[in-house]
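Here are a few exercises to work through with the model open beside you. Try each task before reading its solution.

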Amino acid sequence: NSLSDPLETIKNQPNQFQYWLGLAITYQQLNNTDQAITSYQHTLSLIPLDSDVAKFARQQLYQLQRNS
């Protein structure tokens with residue numbers, strides 16, 4: 001399973017936004033829109049909203065929500 005390692009890592013370090021962002025991108029690539037949206041939202045809850053990562057996450061979230 002391509003998601004088992006990232007999910008285990010997130011379980012061990014749930015406050016690392018990098019892991020959530022990676023998971024969101026993976027879900028997005030797998031066309032798992034609901035899980036991608038949830039993961040992007042969680043990413044945004046862990047980082048400063050004016051950061052470049054937050055801008056990227058918001059853009060992806062907007063696209064996913066618009067297309068679902």
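**Exercise 1. The core**

Which residues have the most contacts inside the largest nonpolar core, and how many residues does that core have?

*Solution.* Some ground rules come before the steps. This is a predicted model, where local features need pLDDT of at least 70 and side-chain atom pairs count only at pLDDT 80 or more, while totals for chains, interfaces and linings use all residues. Residues are numbered from 1 along each chain as its sequence is written, and side-chain values use heavy atoms, with hydrogens and water left out.

Step 1: A nonpolar core is a set of buried Ala, Val, Leu, Ile, Met, Phe, Trp, Tyr and Cys residues joined through side-chain atoms within 4.5 Å; buried means under 20% relative accessible area, exposed over 50%, and partly exposed in between (1.4 Å probe, protein chains only).

Step 2: read off the core. It has 15 residues, and Leu23, Tyr40, Leu44, Leu61 and Leu64 have the most contacts inside it.

Step 3: ask who supplies it. Helix 2, helix 3 and helix 4 each give two or more residues to this core, and the largest share, five residues, is from helix 2. Helices here are DSSP runs (H or I, at least four residues), numbered from the N terminus.

Step 4: zoom in on one member. Setting aside residues up to four places away in sequence, Leu44 touches Leu49, Ala54, Ala57, Arg58 and Leu61, where contact means heavy atoms within 4.5 Å.

**Exercise 2. Two helix pairs**

Work out how helix 3 packs on helix 2 and on helix 4.

*Solution.* Step 1: get the geometry. Helix 2 and helix 3 pack at about 160 degrees with axes 8 Å apart; for helix 3 and helix 4 (residues 52–67), the angle is about 155 degrees and the axes are 9 Å apart. Axes are lines fitted to C-alpha atoms, for helices over the stretch in contact, and angles run from 0 to 180 degrees between N-to-C directions.

Step 1: classify. Angles under 35 degrees count as roughly parallel, over 145 as roughly antiparallel, 65 to 115 as roughly perpendicular and the rest as oblique. Helix 2 and helix 3 are therefore roughly antiparallel, and so are helix 3 and helix 4.

Step 2: handedness. Helix 2 and helix 3 cross left-handed, and helix 3 also passes helix 4 in a left-handed crossing. Left-handed means that the near helix is turned anticlockwise from the far one by less than a right angle (clockwise would be right-handed).

Step 3: sort the residues. The contact of helix 3 with helix 4 has ten nonpolar, five polar and one charged residues. Ala, Val, Leu, Ile, Met, Phe, Trp, Tyr, Cys and Pro count as nonpolar, Asp, Glu, Lys and Arg as charged, and the others, Gly among them, as polar.
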